[in-house]
Amino acid sequence: MKPTSLKSDTNIKLPLAFILYALIAFVVAQGVLLLNSNLLVSSQFRLPSLWMGAHFLLLGFAVMIAMGAMYQLVPVAFLTPIWNQKMGYLQFGITVVGITSLTLTLGFKPTFAIYGGILTIFGITLFIIQMAMTISKQKQRNMSLFFVIAAVSSFALTILAGFVLAWNIAYGGIESHNSILYSHITLGVAGWFTLLIFGFSYKLVPMFSLSHGFTLKWTSLSFSTYVFGLLIQIVSFWVDLDALTTIGWLFLFIGFSFFVLDMRAILHKRLKKKLDKPFAFSVIAIGNGLVIHSLALILSLFGINDSSIWSWLIFLYVMSWIIFSILGYLYKIVPFLWWTHKYADKIGKEKVPTMKDMIDEKMSVVLFSLFVVSIIGLTTGALLQISLVVLTFQALLTVTSFLYAFSIIRILFK
């Protein structure tokens, strides 16, 4: 892969601003969860302190990474410049203030969360307008574009549902709180994040594996079945019909399986037989996602409704599929962006570091291994309700998150 294959007209300061804030939020999220590890043992996720940790993780880290990456990757994937970069900086500032205030008030004063929620919605609305105007310039339609459109649409609905939840906490009067909450979670993790990872994986996996000559047979089916499963799942929360929930999980599993088949076809045609370690971690995350979808389907088929089991399955879905995908891709994308920005124009004029010099692969192996060990240990300790185990592995996860953030920021000084 040539370094310029990730190059776009977007000023690198814009995506990097999102990424740097996200890395801070990632470490803070793990720190909040560490301070509240006793609540993790009891699997009491619907408490203000854990709301704060979850929203720092999902909004502060994952959403900000996704938005920053899209400012860089959408022009590359769809060959069209960002509509208005100045608005991008405005959107960044508003969203940072909104997410930070929303997340802190969720933890300390939930009834005030609606005010941070309003700012967050305003910032994200600017982002959605930005992406809509950018994508509208794209004349050639492809399946990656449809995945991104569906993801951004899910994102808009996720934020709308989140605002309604914040309103209900502040003022009450809405009886269907749980239905809205479950829709909010599903639209966020399975709609926004998963569909977005699907869409950009069709671009990034061939790029990072140097794959050519592959045939994608399942892309359309992956999109249609996964989106259909998502819709069925949302409907099931409102009609309270277990059979419908199982059908939803079935279609989500089938859609994810079609995506896996496409990724397998791409990797089968790769020229780079030995994958870079960070990218290999993202590939492992795909397998994790398939396993978790199959577990959800099995639990639904057997009518297992234990809230602790489902809570930790959602945790595994978020961490081992969504967060692991982001961590792996980010470890590849940031070095490419920084190298292109700082050294691409200096080739042949002076001595410059190689792309490999930008990445500490040995450190990445250590960090990603620690992430895996932490998640397995944390989940096991919580399900067995062993406080010391939960505390130990959450502490390990917090330290690993800090070291990961440090290793990414360090790249910017090379």
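1. Of the 37 residues in helix α11, 29 are buried, so this helix is largely enclosed by the rest of the structure; buried here means under 20% relative accessible area, exposed means over 50%, and partly exposed lies in between, with a 1.4 Å probe and protein chains only. Helices are DSSP runs of H or I with at least four residues, and strands are runs of E with at least two, numbered from the N terminus.

2. The coordinates are a predicted model, in which local features need pLDDT of at least 70 and side-chain atom pairs count only at pLDDT 80 or more, while totals for chains, interfaces and linings use all residues. Residues are numbered from 1 along each chain as its sequence is written, and side-chain values use heavy atoms, with hydrogens and water left out.

3. The geometry of α11 (residues 307–343) can be checked against its length: at 1.5 Å a residue its 37 residues should span 54 Å, and the end C-alpha atoms are 52 Å apart, which agrees. The expected span is 1.5 Å times one less than the number of residues. Even so, α11 bends by about 30 degrees at Ile323, the bend being the angle between axes fitted to the seven residues ending there and the seven starting there.

4. At the start of α11, the backbone nitrogen of Ser308 has a side-chain oxygen of Asp306 within 2.9 Å.

5. Two salt bridges are present in the structure, a salt bridge being a side-chain nitrogen of Lys or Arg within 4 Å of a carboxyl oxygen of Asp or Glu. In one, Lys272 pairs with Asp276, with 2.9 Å between the closest N and O atoms; in the other, Lys332 pairs with Asp276, with 2.4 Å between the closest N and O atoms. Through shared partners, the salt bridges join Lys272, Asp276 and Lys332 into one network.

6. Lys272, by contrast, is partly exposed, with a relative accessible area of 27%.

7. On the surface, a nonpolar patch is formed by Val291, Leu295, Ile298, Leu301, Phe302, Ile304, Ile309 and Leu383, with about 730 Å² of accessible area together. Patches are made of residues with over 30% relative accessible area and no salt bridge, like charges being joined within 9 Å and nonpolar side chains (Val, Leu, Ile, Met, Phe, Trp, Tyr) within 5 Å; the areas come from the Shrake-Rupley method with a 1.4 Å probe, and for residues only the protein chains shown count as cover. Helix α10 (residues 277–301) gives the most to this patch, with four residues. Leu295, which lies in α10, is partly exposed, with a relative accessible area of 37%.

8. Ser374, in helix α12 (residues 361–383), is buried with a relative accessible area of 0%, and its C-alpha is 9.4 Å from that of Val390, 16 residues apart in sequence. Asn38, in helix α2 (residues 37–41), is exposed at 52% relative accessible area; Asn38 and Gln385 are 347 residues apart in sequence, with 9.6 Å between their C-alpha atoms.

Key:
Polar contact = N/O pair within 3.5 Å; in protein donor to acceptor, adjacent residues only side chain to side chain.
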